[in-house]
Amino acid sequence: MEDHRGVAIESEQNLVDRIEVMFRRGGYEVQREVQLLTRYIDLVARAPESGTVLAVEAKVRNWREGLRQAIVYRLAADQVFLAVSTRFVHRVNHDLLSSFGIGLIAVDGQAEIVMPAEGSEVIHKSLQDELISEITSRGEA
Amino acid sequence: MTRQQPRETPCLFYRLGVAADRRVLQGHPDAYSGVVINAQIAIWGKNWIGTFLGSSEKPYFVDPVTHLLALDPDLMLRKENLRKSFEKLLPHYGTLASKFGGERSFRSEDLWDGSRLTTDGEELSESVITFQKEVFRKEKRMQQSLLRYMKILDEKLPVAEPSEPLLLIPPYFYAESPDDDWYRVSLNLAHFSSEAFSDEAIWPAICVSSACLDSPRALRRILEDYSDFEGVLVWISAFDETKESFKRLRSLKLLLDGFSESDTPWISLYGGYFALCLTRAQRSGIVSGISYGESKDVNARTTGGGFPPRYYVPVSRTMAVSATARTFLTDHPAFLCNCDVCNSVLERIGAGKLGPEVIDRFLTEFDPGPAKQHFLLNRAMEAETVHECSRQEVIDSLRQDYERLEKIQSGLYEVENAHLGRWARALTS
């Protein structure tokens, strides 16, 4: 779909589609809309061998709102990313993301990690167990 | 029987929502002044509530919730049938309520013919007041036979009968403004009730839209119309203290201060910290649920079963859902509360340094009972602070807490602080 200038109108759905492709190519198991407490993580990727769990919050342009969500995911996922359309990624405050250890993915035709995430130091075991249980049971379904 | 009067200031009333609330209140009798029971809950849970009121010996009053009769009947329905609690309640409210409750909403002309109350209006007034007086009164016959039996056994009655309600509320209806017919109806019902029950403490409920706060004329009219009653209950529909503008907060202050200045006690039927700050002047108080219910839209459906547990964040004076509380306290454990409940949970889990693991275990232990107790204790401490400190000290503490949260960008955690600044400004104005 395009706007009046002929520019493709992005949706979060499109962003998540491309992020999923990126992680699947990297050998990750991927699930979408995974519940954590009262929220839904846009995408959860799990490395089959190491078991490392990554969480991704995608927003076309509203990176601050995305950051609010991503901050919570640090309690359950080993690494957390914020994903934003490449058109708007220049607006993101890298230092702020960095202060939370959150990485950044830019998405246009494909998704690319432009800032790596650090390992979360604030894991809540009860939440991580719940998240792993959720993705495991969905994987078996 | 002598009716207990509210303490000087400030009064904290809690709306009984679910049976589990009893245990929370019983555990901390010094943390609150009294309870409020919605009429349909009163009639439905008469036994357990009556027992609780008798044993707690706390003042109480019944909210007749008559406003529902003039709104969408769906509000009283569940799956197209009248909720059982309302099915039990409405016959107590007279002919009109029995006939139309749940099927069509009342019209102002049902109760008011333009110059006086109709017969139905008068009957509604008498029925509603009588219901509040009688709902928890044990059958006289049953009481006497129980007394004789107890005397034979030479035993004391295990539970005292509840005292009479602290105050009685005439039928009230929601009005968009003082120009609304329903405003006139409610006011006349209040006057009629005051005359018909002249020996009783009749406190009308003023139930109006928040748009009234935008009109100085409306505020003046409300004050003129209601200042001569023994006391008033105030409900500004859907007024959320944490979201409202400075102007509306200031208007609420003008309204409640206006009642205080005319020596008319007031109770905010759905109030939070900001209304609490206004209670210091005179006999006045606030009602809320235990960790919910500081704001209510008249058109909101009444739900059963209470609310999901939330953690009260003392520094922002707001409730936080689990995700917010966990994230905020993990990154900023200095904001963990040190009330008796929180300290007791920390002791129980054997907490050392307040790292993520401890916060995880702390909040896992916290649902749902301790969360409500924590709110109760914090609200009681806030009431004490408001009572003992000067207005300026309260304002200063709001500003300080605003700055503390601003410094750590608490908005990123969905722990908002902007309202603290607005409250401080409104209290200063």
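Biologist: Happy to start with a strand: which residue in β9(B) is the bridge partner of Cys11(B)?

Modeller: This is a predicted model, in which local features need pLDDT of at least 70, side-chain atom pairs count only at pLDDT 80 or more, and totals for chains, interfaces and linings use all residues. Strand β1 (residues 11-15) of chain B pairs with β9(B) in the parallel sense over 4 bridges (pairing takes at least two DSSP bridges; strands are DSSP E runs of at least two residues, helices H or I runs of at least four, numbered from the N terminus). In β9(B), the partner of Cys11(B) is Gly285(B).

Biologist: And which residue stands opposite Ile286(B)?

Modeller: Strand β8 (residues 266-268) of chain B also runs parallel to β9(B), joined by 3 bridges. Opposite Ile286(B) stands Ser268(B).

Biologist: How many residues of β9(B) are buried?

Modeller: Ser284(B), Ile286(B) and Ser288(B) point one way, Gly285(B) and Val287(B) the other way, and all are buried (under 20% relative accessible area; exposed is over 50%, partly exposed in between, with a 1.4 Å probe and protein chains only). For strand β9 (residues 284-288) of chain B, the count is 5 of 5.

Biologist: Now for a loop residue: is Arg74(A) buried or exposed?

Modeller: Arg74(A) lies in the loop between α2 (63-73) and β4 (79-85) of chain A. Beyond four places away in sequence, Arg74(A) touches residues including Phe100(A) and Val122(A), as well as Thr327(B), Asp331(B) and Tyr413(B) (heavy atoms within 4.5 Å). With a relative accessible area of 6%, Arg74(A) is buried.

Technical notes. Residues are numbered from 1 along each chain as its sequence is written. Chains are lettered from A and ligands numbered from 1 in the order in which they are written. Side-chain values use heavy atoms; hydrogens and water are left out.
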